[in-house]
Amino acid sequence: MVREFETVGVVGLGTMGAGIAEVFAGAGFKVIGVEIDAAALDRGRGHLESSLARSVAKGRLTEEERGNILARIAFSTARTDLADADFVVEAVPERMDLKRDVFTELDRVCPPGTILATNTSSLSVTEIATLTKRPGKVVGLHFFNPAPAMKLVEVVHTVLTEPGAVEIGTEVAKRLGKTPVGVTDRAGFVANALLVPYLNDAVRVYERRIASREEIDAAVTTAAGLPMGPLTLLDLVGLDVTLAVMDVLWEEFRQPRYAAAPLLRRMVAAGLLGRKSGRGFYDHSGAGNPAEALPAGPLAEVVRDQVHRFDLADLLLVPHIDDALRMVGDGYATAADVDTAMRLGCGYPKGPFEMLADRGADAVANALGGLADAGLTPAYAPAPLLAADLAAGGRILRTLGAAG
């Protein structure tokens, strides 16, 4: 069915939507990019042209290929132009009222057989699907930023999704040259459900004055080889985006693990959103790197004495690994899919289960217990999968291919 597709619609041409339009056009689809008004359409066209120009400058595209991609994209401010689209991807901002408006109109405009996909990273795909009269033909197709470069696409199905729609979504992702990971509709899917609590933990560590922002970032990049530390990544992603995902996770699970760090909420309220605002945990205004946002407090040395019993990186990486174990233990994703999602979606050199294999289940369990006993992390039992594996002498994780 995918080979028969000719026309794909993309609604919303911000940075992400323009990137998605570029990816589809680059794969040979005819694309109709739709924005709310002429000004937004011009901005979207600018995003796309800038991205293509960078690819030419870096040798990833020839001038001829750039021209061919642009020739396959039509720009419009009328959603009715999507009446002949075979597949439509929504990429408007993460607000349910905006998505309600888009999907209600798409449901009216597009033929009954058209698959409607949402690029939401945190909202309920099920709720979005029920906005239409075709909930079985609504899927999540979660691209990662920048869409032309990142290889992961999370293909999200709901309890209402028809199997054929999932198959089409998966095949579309493959035709785009992406690696699809199939998941059910749960807050954060795979990558954000693991990444965002880890980023939130970094804010907690910083908020408690356990370490400076530079120490926190350096500890994790050194220990796990990640491309950037969590506080640097927070500034890149946007503190407001991170807080929004944390709040969605909290609404879904209502567990202390998913409560946003108070400092994160205060910084968002103050407009300190990271690179987009010029300042977050670091200064991005060009005015110089300001002093630490949090001076050392009266308990700082006591807390530091506690953390020195452990590796600073353990404060962030061990609970992160435990979260991945819970996800697999819940039957939500396989160990291989978790590692794939984190490597391709977040740039990890090794996924959480590969980290677990390097560290060993015993060491992870002991670190979890020790951190909780020292009051450095909330006290909770290790993931049931980890406990079961220890009781089984490591056989369970070996079966999953996640431990040696």
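A residue counts as buried under 20% relative accessible area, as exposed over 50%, and as partly exposed in between, with a 1.4 Å probe and protein chains only. Buried residues make up 52% of the 404 residues in this protein chain. The structure is a predicted model: local features need pLDDT of at least 70, side-chain atom pairs count only at pLDDT 80 or more, and totals for chains, interfaces and linings use all residues. Residues are numbered from 1 along each chain as its sequence is written, and side-chain values use heavy atoms, with hydrogens and water left out.

Start with the whole chain. Its secondary structure comes to 18 helices and 8 strands. The radius of gyration is 22 Å, close to the 22 Å from the globule rule for 404 residues, so the chain is as compact as a globular protein of that length. That radius is taken over C-alpha atoms, and the globule rule is 2.2 Å times the number of residues to the power 0.38. Helices (H or I, at least four residues) and strands (E, at least two) are DSSP runs, numbered from the N terminus. Along the principal axes, the C-alpha atoms fill a box of roughly 65 × 55 × 40 Å.

Contacts come next. A contact means heavy atoms within 4.5 Å. Among contacts with a separation of 6 or more, 71% involve residues 24 or more positions apart.

Now the surface. The chain exposes about 17,300 Å², and carbon and sulfur atoms supply 53% of that area. Accessible areas come from the Shrake-Rupley method with a 1.4 Å probe; for residues, only the protein chains shown count as cover. Leu236, Val237 and Val241 make a nonpolar surface patch of about 210 Å². Patches are made of residues with over 30% relative accessible area and no salt bridge; like charges are joined within 9 Å, and nonpolar side chains (Val, Leu, Ile, Met, Phe, Trp, Tyr) within 5 Å. Valine 241 lies in helix α10, residues 239-253. This valine 241 is partly exposed, with a relative accessible area of 37%.

Glycine 12 gives a view of the interior. It sits in the loop between β1 (7-11) and α1 (15-26). Glycine 12 is buried, at 4% relative accessible area. Leaving aside neighbours within four places in sequence, glycine 12 is in contact with Gly17, Ala18, Val34, Glu35, Ala91 and Val92. Alanine 324 is 312 residues from glycine 12 along the chain, and their C-alpha atoms are separated by 32 Å.

Lysine 178 also lies in a loop, between α6 and β8 (179-184). Lysine 178 is buried, at 7% relative accessibility. Its C-alpha atom is 5.8 Å from that of leucine 152, a residue 26 places away along the chain. Not counting residues up to four places away in sequence, lysine 178 touches Val23, Ala147, Pro148, Ala149, Met150, Lys151, Val153 and Ala173.

Turn to the charged pairs. A salt bridge is a side-chain nitrogen of Lys or Arg within 4 Å of a carboxyl oxygen of Asp or Glu. The count comes to 22 salt bridges. One of them joins lysine 99 to glutamate 94, with the closest N and O atoms 3.2 Å apart. Lysine 99 is buried, at 1% relative accessible area, whereas glutamate 94 is partly exposed at 33%.

Glutamate 171 and lysine 174 meet in another salt bridge, at 3.6 Å from N to O. The two residues are 3 apart in helix α6 (residues 163-175), so about one helical turn separates them. Glutamate 171 is partly exposed at 38% relative accessibility, and lysine 174 is partly exposed at 46%.

Arginine 254 pairs with glutamate 251, their closest N and O atoms being 3.0 Å apart. Arginine 254 is partly exposed, at 49% relative accessible area. Glutamate 251 is exposed, at 51%. Elsewhere, salt bridges that share partners join Arg79, Asp101, Glu105 and Arg108 into one network.

Last come the cysteines. A disulfide is a covalent bond between the sulfur atoms of two cysteines. Here the rule asks for a pair of cysteine sulfur atoms within 2.5 Å. By this rule the chain has 0 disulfides. Cysteine 110 is buried, with a relative accessible area of 5%. Cysteine 346 is buried too, at 17%.
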